[in-house]
Amino acid sequence: MAEKLLGSAIRRREDPALITGRAKYTDDLKLPNMAYVAILRSPYAHARITRLDTSKAKALDGVVAVFTAEDVAQSGIPGQVPVGWLLPDMKIPTRPLLAQDRVRYVGEAVAVVVAEDRYTAHDALELIEVEYEPLSAVANPAKAVEEGAPLVHDDAPNNIAFDWEIGDKEATDQAFANAAHTVSLNLVNNRLIPNAVEPRAALADYDPVSGRLTLWMTTQNPHIHRLLMSLASLGLPEHKIRVIAPEVGGGFGSKIHHYPDEAIVSWCAMQLGRPVKWQATRAETYLTDAHGRDHVTTAEMAVDENGKITGLRVHTYANMGAYYSTFAPAVPTYLYGTLLSGEYEIPNIYCRVVGVFTHTTPVDAYRGAGRPEATFVVERLVDLMARKLGMDPAEFRRKNFIPPDKFPYQTPVALQYDSGDYEKPLNKALELVGYEQLRREQEEARKEGRYIGIGLSTYIEACGLAPSSVVGSLGAQAGQWESAIVRVHPTGKVTVYSGSSGHGQGHKTTFAQIVADILGVPYDDIEIIQGDTDEVQYGWGTYGSRSAAVGGSAIAVSAQKVVEKGRKIAAHLLEAAEDDVAFEAGKYYVKGAPDKAVTIQDVALQAYLAHNLPPGIEPALEAAAFYDPSNFTFPFGTHVAVVEVNPESGEVNLLRYVAVDDCGHVINPLIVEGQVHGGIAQGVGQALYEHAVYDEEGNLITGTLMDYAVPKARFLPSFELDRTVTPCPHNPLGVKGIGEAGTIAASAAVVNAVVDALAPFGVEHIDMPVTPEKVWRAIQGAGN
Amino acid sequence: MYPPKFDYYRATSVDEALSLLQQHGDNAKLLAGGHSLIPLMKTRLAQPAVLIDIGRIDALKGIQVDGDTLRIGPLTTHADIAASEDVQGRAAALADAAGVVGDVQVRNRGTIGGNLAHADPASDLPAAVLALGGEIEVRGPNGSRTVAADDFFQGLFTTALGGDEIITAIRIPAGGGKRVSAYVKFPHPASGYAVVGVAAVLELDGQTITSARVAANGAFECAKRLTGAEQALAGATASDEAIAAAAQRAAEGFNADDFMSDIFASSEYRAHLLGVYTRRALQKALERA
Ligand SMILES: Cc1cc2nc3c(=O)[nH]c(=O)nc-3n(C[C@H](O)[C@H](O)[C@H](O)COP(=O)(O)OP(=O)(O)OC[C@H]3O[C@@H](n4cnc5c(N)ncnc54)[C@H](O)[C@@H]3O)c2cc1C
């Protein structure tokens, strides 16, 4: 083990199974006597159910059962889908498993069919007779708060779910009153649909004798699902539920949340005493997976006569959809308002967020969750202000960056940034893209009627939410630590049980790299277990770019504990004082006498045989860690997008994309770059293509991949990546999250680039997605 | 994603397919590449009780040069059309169009016959076949007839094809003097279908455009000729000015509500794009002169 594994770009051990089709996803699993579930969904955004007759469906050959809300109620289970984040004075409507009397969004579950096969289950859906009395609906959050708008919940007047603020309003108003210049912007942060490659699925098996439920499901956090299933949905004791995440094909947040569907499937298994499986169709995921973003925002920035930012004021209507999804209230508040300082020294910030119920699919965390929205607001305002002041946007940023000597830096919006050096990635990115030269080319091109734009996004992200006490004080009904057990077997092979739950990221590779380096055992001798509540002690799962920083740190801490226990045993075996025993590359040796050594494998065997252990040392060689970080981590960086806009058709061509990110130490560059690539693609997707659109009646009119445009590989240039390394000062690995950075940075960079390209036309803003027609209209409109 | 039950027949000849069609009437649908029909069945928007698979009738496949005519079997895939040197050489607009249909999988399965019969307004092949002055050969219980492409496309998903008829060939005139053609499209970023697609076919005598046929799909409920542009071109000298003049007249004769409109592209924007893409199609065609 001469080579350090940390930092090396080894290939992902996950991939051979994934690319040869051997990986087993939930829908690949089959149990004897298994039946299939299909769920009837409301075609109306808002309606009263006046009649619901399942008799014809029940009579169909091959149908096992048809259930409605009444059946769920009769079974006596709690039957709730709870919210996991509380804000002061928020209205909390109950969310049922199946709609009772009233439906509140298109796609809300109304009834469930269990049948011997999938085709029959879907045939039976068509035989369920439902009469709806359609009611008027509202989909747009800014309209939903207007007087007289149709109410989603009778006890939430004006559809206001919560009214939240952060920062000092008075001081901020004062800053604006004293400002030399101000800019303001009205923007819509477009609603997105997550689009994990694997749609959600669940297979539930209930054993009436033992009272145990086993639930295989598409989850990013099996323990959270077990907890919520137990407490709120099913009422089964927690130890009688086993949740397993088999191979999970992506999530982007959509598989964090606790939905009615998996609970319905579990309940059906409990009712019938036979295994049942549900696999969502793509159209179903479009209607039911929690959507992302959907803000209507007014934002303003103030500067003094020297061009220093003095104030930021933001008002946002955040669409919650018809009910709270699991962590929905946190996303537009603590993951958004707190990020509005960006990379800048802004003495006064005030942000008010009104959470709004609408007759739409619930909205929750989607890759970046609040932080892309915040970055978009800040980075758009920064560009607007630079233009107003006649300054180069890079210069304006530089002037307002928090200088490196001010860390730890306390923002006026709660966060304390632990470290940062923002000019470094900015300089590197500008150099990579050839900024000066590009600006000259832009000038030249304009003379020929060609419109090139350069867009910057100098972003900050806060991830690895922590510590638990702080998160709890903000309203989380969850902890945000992570667990790990590192178990060295008698033969020196290692199994690691991690509370993180990977679903495409490559945890099994990076985690094994961490353990290999700390224990000095071969990488191939390490197995990583995750995603099973019976195997893994506890875990909060994978989201919010927390797996390396929190989950990886937990592993590092427990591996180090193993080393320390091993040292005691080794000292005993070497007949040396513990302090005199060094550990390096898997060998314990007496300091100064490296040939007097025992390997960690030798120590492991002795630890299990326990024939000759030092006094007070328990047998076996393993250690657990429940690691609660002392702070968030704060990755940062600079992204630069270069576009060319066709002024005639409005088509936008993304020519280049440069990203310089700082995620601290890098465990595996290949995986980090993969995350950055995917993240940028999603950010570009939001900027140029993706938009979940509802009509006035609350119908999702981008209900399929034929209408909802995800970015295709051919839409994207080859990304140019680099990085700087500012280690996280407070975790053992010095790592920060990188799962969301690309998404957080990219949409602002791309829109800034388009607006920059159109500067000669006087265009100041275009809402995302920046489609060709919007560009064309902006050019037409700006002329007047 | 789960169609209701249906019966499946595999026809081995056109005659057999015709008699199956006769037998099952309106309940039956022909199945070629399945790339339009099966998605509709999976979403239960189409629920045929009987599928008659014609996909393995070899007589309906392939491309032949028949004197002055290019004869294309309806089961010829988009990929085969795009790759055919005969099509590239004699009817470049059709090769262009077939080459930009969907993605590789779609081009390997989808067929020209299915594409024309389905008559999706946003399909790529109709404009090319129309601009090239193609003819659709169909066979029904009463024998064969030939329908000019000009008469074939009648509206949204509507053609001159009878429910009991099968397309047996697509014929493209490919003789005469010097002819250049091209097809360009603005693909929808989600579906890949044409938001606007324009095919242009020019007959040239030296630098003079003796006649022009220009057609568009995506813009309207079905593929349509752009007669304003055609008139502007006829007799003109091939030049940027002539192209610009034709592009300017692309939307001539159409009303605002003739244009399709959706959340991605309004009718006004489509009308604008029609001019832009007419110009691009003409430029591309003339580059081939
Ligand atoms: C993801 C995707 C993307 C696509 N993108 C595009 C695109 O960009 N541009 C585009 O033009 N198309 C696109 N298509 C459609 C594709 O071109 C289809 O293949 C084509 O429209 C239909 O051909 P088919 O052979 O698959 O027909 P089928 O689906 O088998 O049949 C379609 C219809 O035609 C009828 N039919 C088929 N053959 C005959 C015949 N010989 N005589 C009479 N009736 C017949 C059938 O009964 C049916 O009603 C796309 C399809 C998919 C799935």
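This is a predicted model: local features need pLDDT of at least 70, side-chain atom pairs count only at pLDDT 80 or more; totals for chains, interfaces and linings use all residues.
Residues are numbered from 1 along each chain as its sequence is written, chains are lettered from A and ligands numbered from 1 in the order in which they are written, and side-chain values use heavy atoms, with hydrogens and water left out.

The model has an ipTM of 0.96 and a pTM of 0.97. For chain B the average pLDDT is 96, and 100% of the residues score at least 70; pLDDT is the predictor's confidence in each residue, from 0 to 100.

Two packed helices are described by the angle between their axes and the distance between the axes. Helices (H or I, at least four residues) and strands (E, at least two) are DSSP runs, numbered from the N terminus. In chain A, the axes of helix 7 (residues 222-234) and helix 8 (residues 260-272) come within 11 Å and cross at roughly 75°. Axes are lines fitted to C-alpha atoms, for helices over the stretch in contact, and angles run from 0 to 180 degrees between N-to-C directions. Helix 7 of chain A is therefore roughly perpendicular to helix 8 of chain A, a term for angles of 65 to 115 degrees. Met229(A), Ser233(A) and Leu234(A) of helix 7 meet residues of helix 8 including Trp267(A) and Met270(A), where contact means heavy atoms within 4.5 Å. Ala, Val, Leu, Ile, Met, Phe, Trp, Tyr, Cys and Pro count as nonpolar, Asp, Glu, Lys and Arg as charged, and the others, Gly among them, as polar.

Rolling a probe the size of a water molecule over the atoms shows where empty space is left. A cavity is a set of points, on a 1 Å grid over the protein atoms alone, where a 1.4 Å probe fits but cannot get out; lining residues have an atom within 4 Å of a point. The whole structure holds three cavities of 30 Å³ or more. The largest cavity contains about 80 Å³ of space, and a volume is the space filled by probe spheres set on the points, which are joined across faces, edges and corners. Its lining comprises eight nonpolar, two polar and four charged residues.

Most residues other than glycine have a negative phi, and most peptide bonds are trans. The bond from Phe407(A) to Pro408(A), however, is cis, with omega near -5°. Another cis peptide bond runs from Met768(A) to Pro769(A), with omega near -10°. Asn158(A) has a positive phi, near 55°, and is found in the loop between helix 5 (141-144) and strand 7 (160-167) of chain A.

Conventions
Angles under 35 degrees count as roughly parallel, over 145 as roughly antiparallel, 65 to 115 as roughly perpendicular and the rest as oblique. On a 1 Å grid over the protein atoms alone, a cavity is a set of points where a 1.4 Å probe fits but cannot get out, and a pocket is an open set with protein on both sides within 12 Å along at least five of seven lines; lining residues have an atom within 4 Å of a point.
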